[in-house]
Amino acid sequence: MEVNEFYREWLTRSGFVESKSTHNFSPAGKVYLAPKGVACGYYWVYGEKDLFDIKIHDFYFFEDHLISLTTPECLSITYYDSVSGEELTPYRRLTAGCVKTFHGGNGVYQSMMHKNIPIRSVGIEVFPAYYEKYLRESYPDDYIPPQEAFSRVGQTLDFPEMSQLLRQVWEYRGEGIPAKLFYEAKVAEAVSLVYERGKNSKDDNCARISKQDMDALSNVASYISDHFNSELPLEMLARIACMGTTKLKTSFKHIYRCTISEYIQQRRMRHAEMLLTSTDLAIEQVASAVGYSNAGRFAANFKTNTGLFPSEYRKMAHRKYDGSFGRREG
C-alpha cells in the first residue's frame, strides 16, 4: 500500500477528516482536521509512493489522550516544537526542542498526550522500500543498513543540523515538481545526517552492563524519582551506585538514553506540569516545589522542555471545550 493511502485510511478511522489545504501548509500534501469533540487542529501528510512520508502535527487534545496503534515497518526522525506527554513503550518523556528517532513495526506504540497542550512537530519516515531496496540498489558498494544509525540518535537536544532541516521542511510552501524535488532531497539529506551521526558516535552500544550494575542504575533512577526536588550531586549518586562518576554517567546514558541531568530535569518538569494543572500554586511556589530556587530559571527551563512558559501552560491546560469544533472558552 502506498503511504498516502495508508494514512488516509488510518486517519479517517481515527476520526480525522480530509480538508482543503490551508496557507499554513504546502498544497503538495494532504490536510486532515482533528477529530471533532476530541481535538483541535491539523495533521498534514506528504507521501511518496511506498518510499517515505513527511508529517506535520499541529493540534491538541481536549482531554489527556492515550495513543495506541500498530505502526508499519519504518524508520522515523521527528523534531518537536511544542509537546507535553510521554511515550510508554519504552517510557520516555517527550521534550520540546528535541529530535527523536523511532523504529516502527515492533509491536504496539503507546503514548500519553496531555490535554490542551499543542503537539507541534515535523517528522520524516522512510519505509523498507526506501532503505532496504532504493538505497541498496543506488549505492550497492557502500550500502549499510541504517537501523543502527537511527537507534543511536535516540532522543536528543543536541542535533542542530537535523532540527534546522526539519524546520525548513515545516516552513516550505511549494507545490508540483519543485515540491517533489524539495522533499526528496530533504529526505535524502536527513538520512545522510543520521548516517553521519551514527558513524561519528562512540561505539558504546557494544558495552556490556552486568545485572549488578543494571540493578545499581535502577536504584539511582528510583532515588532521583523520590528526591528530584533536592540537590543531587553526581558524587552522591555514584556512591549509591557503587561506581565511579565516569562509569555512572556512561552507563546511565546507555540505559536511559539521556544524561543524569536530563533525567532529573524531566522528572522535575513532569511534576511541574501536574502542579500547574491541578493546583493554584503561584509560579514561584511551583518552581520551589520542583527544586528551583530561582523562578526565572525554572520558567526558562520549562519553556525549553514544553515550548510554553508556565503561565501559558496553565492557561492552555485550563481551557474548556464549549461543544463546537475548534472553539474554546477562556
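Biologist: Glu-5, Arg-8, Glu-18 and Lys-30 are linked in a network of salt bridges. What makes a contact a salt bridge?

Modeller: A side-chain nitrogen of Lys or Arg must be within 4 Å of a carboxyl oxygen of Asp or Glu. The whole structure has 18 of them. Bear in mind that this is a predicted model, where local features need pLDDT of at least 70, side-chain atom pairs count only at pLDDT 80 or more, and totals for chains, interfaces and linings use all residues. Residues are numbered from 1 along each chain as its sequence is written, and side-chain values use heavy atoms, with hydrogens and water left out.

Biologist: How do you know whether Lys-133 is buried, partly exposed or exposed?

Modeller: Look at relative accessible area (buried is under 20%, exposed is over 50%, partly exposed is in between, with a 1.4 Å probe and protein chains only). Lys-133 has 49%, so it counts as partly exposed. Glu-137 has 54%, so that one is exposed.

Biologist: And which parts of the chain does the salt bridge of Glu-125 and Lys-55 tie together?

Modeller: Their side chains meet at 3.1 Å, N to O. Glu-125 is in strand E11 (residues 119-126) and Lys-55 in strand E4 (residues 52-61), so the bridge joins parts 70 residues apart in sequence. Glu-125 and Lys-55 are both buried.

Biologist: Why are E9 and E12 called a pair?

Modeller: Strands pair if DSSP finds at least two bridges between them. Strand E9 (residues 99-104) and E12 have two, in the antiparallel sense, so they pass the test. In one of these strands, E12, Thr-156 is the bridge partner of Val-99. They belong to an open sheet of eight strands with antiparallel pairing, in the order E1-E2-E3-E4-E11-E6-E9-E12. What makes E1 (17-19) and E12 (155-156) edge strands is that each pairs on one side only.

Biologist: What makes Leu-66, Leu-88 and Tyr-91 a patch?

Modeller: Patch residues need over 30% relative accessible area and no salt bridge; nonpolar side chains (Val, Leu, Ile, Met, Phe, Trp, Tyr) are joined within 5 Å, like charges within 9 Å. Leu-66 has 43%, so it is partly exposed and clears the area cut-off. This residue lies in strand E5 (residues 65-70). The three together have about 300 Å² of accessible area.

Biologist: Last one: how do you know which residues line the largest pocket?

Modeller: On a 1 Å grid over the protein atoms alone, a pocket is an open set of points where a 1.4 Å probe fits, with protein on both sides within 12 Å along at least five of seven lines; lining residues have an atom within 4 Å of a point. That gives 38 residues here, with Pro-90, Tyr-91, Arg-92, Tyr-256 and Arg-257 nearest the centre. The largest pocket holds about 900 Å³ of space, and H9 gives the most to its lining, with six residues.

Note on methods. Helices (H or I, at least four residues) and strands (E, at least two) are DSSP runs, numbered from the N terminus. Accessible areas come from the Shrake-Rupley method with a 1.4 Å probe; for residues, only the protein chains shown count as cover. Grid points are joined across faces, edges and corners, and a volume is the space filled by probe spheres set on the points.
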